[in-house]
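Subject: Structure handover

Hello,

Here is the structure we talked about. Please open it beside this email and follow along. My notes come after it.

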Amino acid sequence: MKLPIVAYGDPVLRKKAEDIPKDYPELQDLISNMFETMYNASGVGLAAPQVGLPIRLFVIDLSDKEEPGYESFKKVFINAEILEEKGVLWDFNEGCLSIPDIREDVRRLDTVVISYYDENWVHHEETFDGMGARVIQHEYDHIEGKLFTDKLSPLRRAMLNSRFEAIKKGAVKVDYKMKFPQAPKGKKR
Ligand code: ZN
């Protein structure tokens, strides 16, 4: 089932998300719905706050991208904690399904050490670099209540402000279902 993706301006995107217990209801359904929602929107990552749930869960699938080493990079991260970020800073042009039509260069460290549980509640402590680290850092920010646009300069954010306001109102064209915080009532898309 495809879920509506909440747009920039929704308070759920600003909450620090909570860990979930092993008996969290219908977790496997939620995970498969999140993958379906993400694929439908042509995304490579999706975090639970983006479907309205302030819980520490995100999914990533880089596996159909043409990045060497990522042929089968499809992963679920539950109750993740980044233990360390290291390496060198690099810029990458990021976008976000909750912030349609805005893509900006974001500078991040290239290596991340993360503790998490997978969809079978197996614990992992792993190091990722390159694109894997980049997408993990972006999704991890979501469960910390942060967005990639927070990392832009104040001047750049000011220049984008009218576009942020348009997104809140739903005045953007998207080809997936979204929930806009300031959309006029009865005009859901
Ligand atoms: Zn995002």
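How many residues has helix 1, and how far does helix 1 reach from its first C-alpha to its last? Helix 1 has 14 residues and reaches 20 Å, close to the 20 Å expected at 1.5 Å a residue. The expected span is 1.5 Å times one less than the number of residues. Helices (H or I, at least four residues) and strands (E, at least two) are DSSP runs, numbered from the N terminus.

First, the ground rules. This is a predicted model, in which local features need pLDDT of at least 70 and side-chain atom pairs count only at pLDDT 80 or more, while totals for chains, interfaces and linings use all residues. Residues are numbered from 1 along each chain as its sequence is written, and side-chain values use heavy atoms, with hydrogens and water left out.

Helix 1

The buried residues of helix 1 are L27, L30, I31, N33, M34, F35, T37 and M38. Buried means under 20% relative accessible area, exposed means over 50%, and partly exposed is in between (1.4 Å probe, protein chains only). Strand 1, strand 2, strand 3 and strand 4 are among the elements that cover these buried residues. Just after helix 1, S42 takes a positive phi of about 55°.

The zinc site

Three protein residues donate to the zinc ion: C96 through SG, H138 through NE2 and H142 through NE2. They lie 2.0 to 2.3 Å from the zinc ion. Donors are N, O and S atoms within 2.8 Å of the metal (3.2 Å for Na, K and Ca). Water is not among the atoms, so sites may look incomplete. The sequence spacing of the donor residues is C-x41-H-x3-H.

Both histidines, H138 and H142, sit in helix 2 (residues 130–143). They are four residues apart, about one turn of the helix. An α-helix has 3.6 residues a turn, so residues three or four places apart point the same way. Both H138 and H142 are buried. For H142 the relative accessible area is 2%. Leaving out residues up to four places away in sequence, H142 touches L13, K15, A47, P49, Q50, C96 and L147. Contact means heavy atoms within 4.5 Å.

Five strands form an open sheet in the order 2-3-4-5-6, with antiparallel pairing. Its edge strands are strand 2 (45–47) and strand 6 (123–129), each pairing on one side only. Two strands pair if DSSP finds at least two bridges between them. Neighbouring strands of this sheet are turned by 30° against each other on average, direction ignored. (Axes are lines fitted to C-alpha atoms, for helices over the stretch in contact, and angles run from 0 to 180 degrees between N-to-C directions.)

Strand 4 (residues 74–94) and strand 5 (residues 104–117) run antiparallel and are joined by 12 bridges. E94 has E104 in strand 5 as its bridge partner. D101 is in the loop between strand 4 and strand 5. Is D101 buried or exposed? D101 is exposed, with a relative accessible area of 57%. Beyond its neighbours within four places in sequence, D101 is in contact with R163 and K173. D101 and K173 are 72 residues apart in sequence, yet 8.4 Å apart in space, C-alpha to C-alpha.

Salt bridges

The structure holds 15 salt bridges. A salt bridge here is a side-chain nitrogen of Lys or Arg within 4 Å of a carboxyl oxygen of Asp or Glu.

- R14 and D150 meet at 2.8 Å, N to O. R14 is in the loop between strand 1 (5–6) and helix 1 (27–40), and D150 is in the loop between helix 2 and helix 3 (154–169), 136 residues apart. R14 is partly exposed at 40% relative accessibility. D150 is partly exposed too, at 32%.
- R56 and D19 meet at 3.7 Å, N to O. R56 lies in the loop between strand 2 and strand 3 (57–61) and D19 in the loop between strand 1 and helix 1, so the pair ties together parts 37 residues apart in sequence. R56 is buried at 2% relative accessibility, whereas D19 is partly exposed at 45%.
- E104 and R156 meet at 2.8 Å, N to O. E104 lies in strand 5 and R156 in helix 3, so this pair ties together parts 52 residues apart in sequence. E104 is buried at 10%, and R156 is partly exposed at 28%.

R56 and D19 also belong to a network of salt bridges that links K16, D19, R56, E81 and E144.

Best wishes
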